[in-house]
Amino acid sequence: MLKQNSAEYRGYRTPGIRLKEEMIPHLGKVYSNRTQSMLPALHAFDQAHTIMLIEQGVLPRETGIAVLRSIRKMEEEGVVAARMRVGGGLHSGEHYVIRDLGEEIGGRFHVARSSGDLSSVAINVLQREHCLAVLEGINRFRSMLLKLIPKHTGSILPGYSFGQHAQPMTFAHLWLSWVATLERDFARIHGAYQRVNTSPAGAAIMVGSDFPIDRERTADLLGFDAVHENCADAILELTADDSLEVPMVFSILCHSMAKWADDLILWTTREFDFVEIPDRFCGTSSIMMQKKNVIGPAELKANSAEAIACVVSSYHALKGPTGLPINERYQALDMLWRVGESLVAHMDWFGEFLPELTIRTDYLREHSWRHWATATDLASALVRGRDMPWRTAHQIVGILVRLSEERGLTPADVTPELLDEAAMLYHEKPVGFTREEIMTALDPVLFVEKRTLLGGPAPNESLRQVGVFTARLDADEAIVEGIHTRLAAAETKLRSTVDELIA
């Protein structure tokens, strides 16, 4: 007799049925371990599917109730521990129930299901959990920045392009650009969340079932917002599609954070010396005792490296003819879970880190015009005060900068005579500016204060932007709260429905 003893049931892959040999131990262990993170989602799916089968009359009510009681019993031992004990894997719920109740009862509730929708449901649930955690992390980080920014509307900072001094800005202005980036990251990841929170349950292995199942009911009990209209899409294309999009949107966020980490690492060097980082975010050298190594931001960069590796791994794991890439995707998914968890942890400590930076404001204010970063406003003053064409004023100030550098002079050393010399070299007409007019035009604080345009760095404009971005953050926090409310309601509905049936 080939039928297994129910008390020792190990799954449908029994030697002597379709296959003649046992699977080698290594492959069996790989199969069970790679799905371990999915077990809570599978536990919920087993219950929702069984409820739906009872309601649709596919399972006799008494049989379904017995199955639900057995599934619920796993929670006494611990869902993951109980399922791993009976072999783990996608079908660990069936293994447990058959061992508990026998195949005559436990062998019935997998009807109208397949490994396809079991894995797709579990993957989508895990992806939505990680997306939701990252969305919350983004909002916490944005909130911290929006509280910090008003304190730094007057903290002047050199801007850079091509690695050279460009024009002065403020830390408030720079950090507002971070907030804008994070806002787009939220939108991208929320979009991915909405797509992964669509249910493949009931799609089986791409064509569904001829049993009269209710896919919408299962989706509702599992907290999905919608059901995939096409069963082939739900199983074949969607898994590949989602398992590429989520790594992509995570990697974009990681890329931005790594860029900000690079800025901070650069600013701490002795050559820049813009900021001092608290010691608890740093390490030192085992041989060079004088060193203070910036460890925290370096870890952000490492997370970015793993994020892009996850994108590449996912792409290659899922590339191939439709229906061919199956097992490869699990390797990429394991990496994706790590990236998501690391992202949340890094955003949280970064949110603690930035407010405690020591910013050398006086040094930065002086540094922000030392290398002619405010020269643009001297040209603007010539346009306004002497009715010059912009290009003429631009060329005169360009000559002024060259003459100053050739003579070892700084912007603070510019005299009316030197400016007139530059003007005479260009078009044989002196400017006639006073020393006060020149210094006023080159002042970095005034430079920032005059940028009152929409999106500029002037203090009042920065505060206006804080208000705009805060309102958008409030809206995004409401989105996250709404998601939590819907998921909690689905979890309560699933649990109470099981309770009512087994009471």
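**First stop: a buried serine**

Select serine 92, which is buried, with a relative accessible area of 0%. Here, buried means under 20% relative accessible area, exposed means over 50%, and partly exposed lies in between (1.4 Å probe, protein chains only). This is a predicted model, in which local features need pLDDT of at least 70 and side-chain atom pairs count only at pLDDT 80 or more, while totals for chains, interfaces and linings use all residues. Residues are numbered from 1 along each chain as its sequence is written, and side-chain values use heavy atoms, with hydrogens and water left out.

Serine 92 belongs to helix α5 (residues 92-101). Helices (H or I, at least four residues) and strands (E, at least two) are DSSP runs, numbered from the N terminus. Now display the side chain of arginine 83: the side chain of serine 92 makes a polar contact with it at 3.1 Å. A polar contact is a pair of N or O atoms within 3.5 Å; within protein, one must be able to donate a hydrogen and the other to accept it, and residues adjacent in sequence count only if both atoms are side-chain atoms. Leaving aside residues up to four places away in sequence, serine 92 touches Leu39, Arg83 and Val86, where contact means heavy atoms within 4.5 Å.

**Second stop: a nonpolar patch**

Select Met23, Ile24 and Leu27, which make a nonpolar surface patch of about 270 Å². Patches are made of residues with over 30% relative accessible area and no salt bridge; like charges are joined within 9 Å, and nonpolar side chains (Val, Leu, Ile, Met, Phe, Trp, Tyr) within 5 Å. Accessible areas come from the Shrake-Rupley method with a 1.4 Å probe, and for residues only the protein chains shown count as cover.

Move to strand β1 (residues 156-161) and strand β2 (residues 164-170), which run antiparallel and are joined by five bridges. Two strands pair if DSSP finds at least two bridges between them. Serine 161 stands opposite glutamine 164 in β2. Which residue of the hairpin of β1 and β2 takes a positive phi? Select phenylalanine 162, whose phi is near 55°; the hairpin has two residues between the strands.

**Fourth stop: salt bridges**

A salt bridge is a side-chain nitrogen of Lys or Arg within 4 Å of a carboxyl oxygen of Asp or Glu. By this rule the count comes to 31 salt bridges. Begin with arginine 217 and glutamate 55, whose side chains meet in a salt bridge (2.8 Å, N to O). This pair links distant parts of the chain, with arginine 217 in helix α9 (residues 215-221) and glutamate 55 in helix α2 (residues 39-55), 162 residues apart. Glutamate 55 is partly exposed, with a relative accessible area of 44%.

Next, select lysine 493 and aspartate 220, whose side chains form a salt bridge at 2.6 Å, N to O. Lysine 493 lies in helix α19 (residues 459-502) and aspartate 220 in helix α9, so the pair ties together parts that are 273 residues apart in sequence. Lysine 493 is partly exposed, at 33% relative accessible area, and aspartate 220 also counts as partly exposed, at 33%.

Then select arginine 451 and aspartate 377, a salt bridge in which the closest N and O atoms are 2.8 Å apart. Because arginine 451 lies in the loop between α18 (444-449) and α19 and aspartate 377 in helix α14 (residues 375-386), the pair ties together parts that are 74 residues apart in sequence. Is aspartate 377 buried or exposed? Aspartate 377 is buried, with a relative accessible area of 5%. To finish this stop, select Arg72, Glu75, Arg495 and Asp499, which salt bridges with shared partners join into one network.

**Last stop: positive phi in loops**

Select alanine 204, in the loop between β3 (198-199) and α9. Its phi is near 55°, a positive value in a residue other than glycine. Alanine 204 counts as buried, at 5% relative accessibility. Finally, select aspartate 273, in the loop between α10 and β5 (275-276). Aspartate 273 is not a glycine, yet has a positive phi of about 60°; this residue is buried, with a relative accessible area of 17%.
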